[in-house]
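This report is written for a reader meeting the structure below for the first time.

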Amino acid sequence: MCSSRVRSVDEACEARPEPRPAAAPQNPLKRLHCAVQQYAWGRNSEDSEVAQLVAASGQAVDPTKPYAELWMGTHPSAPSLLADNGYAGQPLLTLLRDRPELLGAALPRFGCDLPFLFKVLSVGTALSIQSHPDKALAERLHADKPEIYKDANHKPEMALALTEFEALCSFVPHSELLESLEACPELAQCCGSQCVEALRAAAAAPDGSPQRTAALRAAFHEVMACPADRAAAYVERMCERLKADAAEGCQLSPRELLSLRLELQYPGDVGVLAAWFLNYLRLQPGQAVALPANEPHAYISGEIVEVMATSDNVIRAGLTPKMRDVEALCSSLTYDQGLPELLTGGKAAASPHLAVYRPPFREFELWRYTPPAGTAEELPAADGPLMVLVQQGGLRVRSGSQSRNLQRGDVYFVAAGAALELQAAADSRHLLGEQGASGAAPVGELELQPLSGRAEASSEASTSYASATGRPSSYARVHGSASRAPARWRRIDTVAKEQLREVRYEKAQGEGIAKITINRPEKRNAFTPRTVMEMSWCFADAREDPAIGVIILTGEGPLAFCSGGDQSVRGAGGYVGADGIPRLNVLDLQMQIRRLPKPVIAMVAGYAVGGGHILHMMCDLTIAADNAVFGQTGPKVGSFDAGYGSTQMARLVGQKKAREMWFLARLYDAQQAMDMGLVNTVVPLAELEPETLQWCREILKNSPTALRVLKSALNAAEDGQAGIQQLGGDATLLFYQSEEGNEGRQAYMDKRPPDFSRFKRLP
Ligand SMILES: CC(C)(COP(=O)(O)OP(=O)(O)OC[C@H]1O[C@@H](n2cnc3c(N)ncnc32)[C@H](O)[C@@H]1OP(=O)(O)O)[C@@H](O)C(=O)NCCC(=O)NCCSC(=O)c1cc(O)c2ccccc2c1O
């Protein structure tokens with residue numbers, strides 16, 4: 001149900017005891033025949049909610065045509081017609097002109113017309129990258145090009161997902177754009193080195209600062225205005241690269257997969273590249289997004305209801321066979337960066353079954369009414385007009401002396417000031433599953449879900465910094481947030497000339513992250529001597545690779561990080577591999593992790609027990625899923641680790657707790673482990689990798705030498721002479737890079753005495 005925003009449903013409800021200023025209108029319910037738009041981007045009739053609604057309302061559906069939009073309103077391009085006697089076949093606007101009182105308080109505010117246009121959209125193929133002008137620009141565009149910009153109104157709009165709905169909306173946060181330029185070299189090439197440099201330099205400037213806006217505007221314009229043949233070449237090159245990566249077993253990110261999909265729909269179109277500038281959202285049913293004027297967006301796929309101010313003004317610039325107005329688009333955008341807020345529908349005081357979506361615009365709000373079967377209740381009168389679409393179920397509506405049975409597909413105009421007595425059909429449960437009947441509602445079941453995973457790229461939680469002032473500090477503004485977007489993992493099957501069998505080794509494309517996964521899920525990732533060797537080769541490779549700055553250690557699947565040594569291959573003197581030699585080589589691996597001069601993060605889902613628990617303790621950081629379980633089992637299976645397994649544990653949890661963990665060999669859940677100081681954070685299982693990647697990316701922004709020396713120093717405090725040796729090695733490494741160090745070497749090579757006189761003896 002769409003209502004003009006004169007007085008909200010809650011205000012109307014609170015005002016109920018007050019005497020009404022105007023009498024309730026006679027015959028307020030007006031059935032409408034609504035127009036369908038069969039644009040090429042729509043869906044085939046059998047897959048299209050638009051077509052299904054049209055069919056349910058008794059109109060013929062042409063199976064050979066796409067069904068894109070159902071328009072409910074007065075817009076001259078496709079006006080809704082009245083179905084009832086008296087005005088049958090006439091436009092709704094004719095009735096409103098004859099009886100303006102039906103608009104109630106909307107009349108003095110918006111004039112003698114419906115202030116909004118209500119639509120259902122079935123999006124099969126992506127719609128153009130576009131924006132809608134504000135009022136001043138709309139007036140100018142309409143005056144200059146009336147054949148293209150058909151009215152002088154602005155068009156703020158809101159889209160509510162009926163099915164999963166993919167869309168590109170507003171510019172991505174600056175940090176994400178910089179990552180995209182790394183991940184997608186063709187995008188960077190299309191922007192040009194000057195624009196890329198300006199974007200990089202703007203990273204230090206605050207969000208929304210003139211420097212960032214200018215850099216973003218220049219880069220976006222550069223891409224949008226790229227000559228078609230050059231753009232097509234970049235797009236082709238990007239897609240070939242992505243396809244080659246995929247063929248090599250590389251997991252493409254959702255955004256890369258989107259690029260390939262868009263390219264199939266619009267081969268060579270510059271919009272395929274421009275899409276990287278915009279947030280990629282996946283809305284779940286019941287979630288809505290508001291799109292103010294001058295925000296770039298493109299709908300990709302899904303079924304939605306959409307409401308907008310009565311206008312059809314669209315400035316298109318990509319992903320379209322239609323006319324492009326690149327200059328109008330690029331010059332009018334806000335260039336605000338960040339995720340748009342998602343609306344999930346606030347509960348209305350008028351009814352527990354009514355959710356209200358209130359965008360920051362004057363013209364309308366959207367009501368979603370989902371009563372259980374058989375519900376009977378009254379909705380207070382709205383001061384402005386309503387447009388009602390029944391999307392599911394059946395509903396009896398009474399207002400004054402008028403009574404109507406509404407069914408799926410019915411569309412009604414309801415005059416301002418009409419209170420509605422509603423009774424949801426008792427037999428319509430089958431139409432709505434467990435939720436029961438839906439009444440005069442724009443959508444079906446009420447299922448509000450928080451958006452998870454950045455929308456894919458979209459559920460971008462930002463890094464949080466404490467602030468003494470309550471505002472983001474300059475520290476937070478400068479260092480910003482790190483992305484939680486999925487990494488694009490490239491698998492490496494051979495390391496140290498050995499084929500990996502028990503471990504998976506991956507590196508993130510374009511990022512300094514390596515991931516080592518113990519891959520024996522059928523044994524809860526218990527390790528054999530071979531598993532340990534493979535891990536060791538991978539750690540050595542990651543250490544040697546200058547592109548790698550942080551390493552994740554994890555286990556395959558959600559059930560276990562690692563359950564320790566494989567007891568089935570345990571023999572006298574150690575664990576026995578194919579060579580028949582008993583080994584305790586996991587002790588060497590512990591040392592290798594400890595000495596590795598790059599941070600190692602344990603990413604723990606499920607069990608981290610026995611030798612697996614010690615491995616996570618040896619990592620610099622541990623990020624745990626909420627299903628993680630920690631503990632030592634040794635004393636129950638006739639084993640113990642009297643090295644780091646005991647001493648490192650005591651450093652982490654204290655002597656008493658360490659003795660408890662070993663002597664009793666109990667298991668502890670993630671929160672208990674967190675409370676003991678064994679892990680750094682606990683997150684829902686689904687957030688485990690996004691959270692870990694965000695930590696990795698945050699670490700990667702920091703000075704590698706600072707991290708290296710800090711790790712050595714923290715080790716040195718615990719590791720005695722061995723620890724001092726590591727820290728001392730780092731000091732030598734730095735000294736070798738200094739002029740003073742080099743003077744000594746050079747003098748030796750020159751066979752002359754060294755001259756250290758120019759090096760200061762600082763206090
Ligand atoms: C980890 C569990 C708590 C999980 O229980 P769950 O009920 O979820 O699963 P199952 O028990 O059914 O296990 C499924 C499947 O995996 C097999 N499996 C699991 N862990 C191991 C293992 N460590 N070794 C061999 N096989 C394992 C299990 O048998 C099942 O197989 P099926 O064929 O029967 O289906 C639970 O599994 C568990 O408690 N596991 C044992 C944990 C354990 O005691 N680990 C060894 C501790 S000692 C150690 O790790 C160790 C290693 C070293 O290298 C050392 C070196 C130097 C000093 C000390 C060392 C040390 O102590």
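## Basis of the report

The model is predicted: local features need pLDDT of at least 70, side-chain atom pairs count only at pLDDT 80 or more, and totals for chains, interfaces and linings use all residues. Residues are numbered from 1 along each chain as its sequence is written, and side-chain values use heavy atoms, with hydrogens and water left out.

## Two residues with positive phi

Tyrosine 335 is not a glycine, yet its phi is positive, at about 60°. The residue lies in the loop that runs between helix 13 (326-332) and strand 16 (342-343); helices (H or I, at least four residues) and strands (E, at least two) are DSSP runs, numbered from the N terminus. With a relative accessible area of 2%, tyrosine 335 is buried (under 20% relative accessible area; exposed is over 50% and partly exposed in between, with a 1.4 Å probe and protein chains only).

Arginine 524, also not a glycine, has a positive phi of about 55°. Its place is in the loop between strand 30 (513-518) and helix 16 (529-544). Arginine 524 is partly exposed, at a relative accessible area of 36%.

## Helix 20 and helix 21

Helix 20 (residues 644-653) packs with helix 21 (residues 655-664) at an angle of about 130°, and their axes are 7 Å apart. Axes are lines fitted to C-alpha atoms, for helices over the stretch in contact, and angles run from 0 to 180 degrees between N-to-C directions. The two helices are therefore oblique to each other; angles under 35 degrees count as roughly parallel, over 145 as roughly antiparallel, 65 to 115 as roughly perpendicular and the rest as oblique.
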